[in-house]
Amino acid sequence: MNLNMKIIDMGCIIFLVLVVAAGVFFFQLSFSQHSSQIKLEKEQLMAQKNNLNLVNAKLAQLQSQFKQKEDRVLELNNRVPKAPQMGDLLSRLHALVKKRDITLIDFNHKPAQGFERYKRIPVNIIVNGGFLDIYRLIHDVETLNRVFIFENIIIKKQEGKNLCQATLMASVFQQ
């Protein structure tokens, strides 16, 4: 009986070792799978975080571009009056002509025409004076706080005089 007891004890010990080994194996396998899943989820979260950072950077860039465009539109709206204000424009032009010692021969405009969001008013200006003075006048008019776009400039030298006659065809705009 002693021998049987030893065999039973040995069998129990072997069985116990096998159960513990199987438990450790399955625990390690479960831990490994869980660890792999956590690692995969961390990688996915990092990828999502990187994508979010890229989206935030793109959003900031687009907001900056939008702000620049908005500022440009506001500045343009400030330079384009709601009413034509042709009298005010003529007064400014007359002051510039006097400043440059040029003679204003003619200033006329046509009725406003539809042009995208604004109305375009064709303007025709004829002046006499020195070439450099006319050139500076054109620069002065272009830098007024009003949208003034020259479409055609014709400068002719007057016969027998050291003066030029300039015909300036331009457009001004109103809202």
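In which helix is L62 found? L62 is found in helix α1, where helices (H or I, at least four residues) and strands (E, at least two) are DSSP runs numbered from the N terminus.

## Basis of the model

This is a predicted model, in which local features need pLDDT of at least 70 and side-chain atom pairs count only at pLDDT 80 or more, while totals for chains, interfaces and linings use all residues. Residues are numbered from 1 along each chain as its sequence is written, and side-chain values use heavy atoms, with hydrogens and water left out.

## Helix α1 and its separations

Helix α1 covers residues 2-79 and contains A22. With a relative accessible area of 30%, A22 is partly exposed, since buried means under 20% relative accessible area, exposed means over 50%, and partly exposed lies in between (1.4 Å probe, protein chains only). The C-alpha atoms of A22 and N77 are separated by 80 Å, the two residues being 55 residues apart along the chain.

L62, also found in helix α1, counts as partly exposed because its relative accessibility is 41%. Computed along the sequence, L62 and D140 are 78 residues apart, and from C-alpha to C-alpha they are 35 Å apart in space.

D140 lies in helix α3 and is buried, because its relative accessible area is 11%. When residues up to four places away in sequence are not counted, D140 touches L96, K99 and R100, contact meaning heavy atoms within 4.5 Å.

D101 is found in the loop between α2 (86-99) and β1 (103-109). Although D101 is not a glycine, it has a positive phi of about 55°, and at 66% relative accessibility D101 counts as exposed.

## The nonpolar surface patch

F131, L132, Y135, I153 and I155 make a nonpolar surface patch of about 490 Å². Patches are made of residues with over 30% relative accessible area and no salt bridge, with like charges joined within 9 Å and nonpolar side chains (Val, Leu, Ile, Met, Phe, Trp, Tyr) within 5 Å; a salt bridge is a side-chain nitrogen of Lys or Arg within 4 Å of a carboxyl oxygen of Asp or Glu. Accessible areas come from the Shrake-Rupley method with a 1.4 Å probe, and for residues only the protein chains shown count as cover.

Both α3 (131-142) and β4 (148-157) supply at least two residues each to this nonpolar patch, and α3 gives the most, with three residues. I153 is found in strand β4 and counts as partly exposed, because its relative accessibility is 38%.

## Q158 and its contacts

Q158 is found in the loop between β4 and β5 (164-174), and at 18% relative accessibility Q158 counts as buried. The side chains of Q158 and N128 are joined by a polar contact of 3.0 Å, that is, a pair of N or O atoms within 3.5 Å, where within protein one must be able to donate a hydrogen and the other to accept it, and residues adjacent in sequence count only if both atoms are side-chain atoms. Leaving aside neighbours within four places in sequence, Q158 is in contact with N128, L163, C164 and Q165.

## Cysteines

The structure holds zero disulfides, a disulfide being a pair of cysteine sulfur atoms within 2.5 Å. C12 is partly exposed, with a relative accessible area of 47%, whereas C164 counts as buried at 11% relative accessibility.
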